[in-house]
Amino acid sequence: MKKQTIRVVTRGTDGQIRIRDYDSPEDLLKRHAQIGIDDCCTDLTVRGLPVFRGLIGPIPEAPGIVRYESPEVFETLTKEWSSPKPGRTRTRTQRGKRQSQTS
């Protein structure tokens with residue numbers, strides 16, 4: 001079995017995003033209470049992983065990394081992700097403007 005990192009993303013009291021990595025679910029159990037296991041995710045790599053009280057997840061982040069987020073961080077990042085990005089603006093210039101020829 002591959003080594004798996006469990007990443008917990010929360011927001012500190014100063015408003016900054018805090019990321020903490022754990023080597024195993026047991027390490028995370030020291031800080032959070034398990035309330036079940038994931039049995040419905042379409043990504044099979046996270047199926048069977050624990051679900052913790054007060055955290056959203058497990059969310060597959062990258063190969064070997066599973067992510068849990070606080071509800072506030074989840075809501076903020078989801079809003080940022082789903083908001084329309086401003087379109088690229090183009091500045092048009094007149095090219096090849098012909099000058100009238102006088103003879």
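This briefing describes selected residues, an aromatic pair and a nonpolar core in one structure. The model is predicted: local features need pLDDT of at least 70, side-chain atom pairs count only at pLDDT 80 or more, and totals for chains, interfaces and linings use all residues. Residues are numbered from 1 along each chain as its sequence is written, and side-chain values use heavy atoms, with hydrogens and water left out.

**Nonpolar core**

- The largest nonpolar core has 11 residues: Ile6, Val8, Tyr22, Leu28, Cys41, Val46, Leu49, Phe52, Leu55, Val66 and Tyr68.
- A nonpolar core is a set of buried Ala, Val, Leu, Ile, Met, Phe, Trp, Tyr and Cys residues joined through side-chain atoms within 4.5 Å; buried means under 20% relative accessible area, exposed over 50% and partly exposed in between, with a 1.4 Å probe and protein chains only.
- At least two residues of this core come from each of strands E1 (5-11) and E6; strands (E, at least two residues) and helices (H or I, at least four) are DSSP runs numbered from the N terminus.
- Tyr22, a member of the core, touches Gln4, Thr5, Ile6, Val8, Asp27, Leu28 and Arg31, not counting residues up to four places away in sequence; contact means heavy atoms within 4.5 Å.

**Aromatic pair**

- The whole structure contains 1 aromatic pair.
- The ring centres of Phe52 and Tyr68 are 5.3 Å apart and the planes stand at 70 degrees, so the pair is edge-to-face; rings of Phe, Tyr and Trp (its six-membered ring) pair if their centres lie within 6.5 Å, with planes under 30 degrees apart counted as stacked, over 60 as edge-to-face and the rest as tilted.
- Because Phe52 lies in strand E4 and Tyr68 in strand E6 (residues 65-69), the pair ties together parts that are 16 residues apart in sequence.
- Phe52 is buried at a relative accessible area of 1%, and Tyr68 is buried at 1% relative accessibility.

**Asp38**

- Asp38 is located in the loop between strand E3 (34-37) and strand E4 (50-52), and is buried at a relative accessible area of 11%.
- Beyond its neighbours within four places in sequence, Asp38 contacts Val46, Arg47, Gly48, Leu49, Val51 and Pro58.
- Asp38 and Gly48 are 10 residues apart in sequence, with a C-alpha to C-alpha separation of 5.0 Å.

**Glu69**

- Glu69 is in strand E6 and counts as buried at 6% relative accessibility.
- The side chains of Glu69 and Arg67 are joined by a polar contact of 2.6 Å; a polar contact is a pair of N or O atoms within 3.5 Å, where within protein one must be able to donate a hydrogen and the other to accept it, and residues adjacent in sequence count only if both atoms are side-chain atoms.
- Leaving aside neighbours within four places in sequence, Glu69 is in contact with Val9, Gly54, Leu55, Ile56, Ile59, Phe74 and Leu77.
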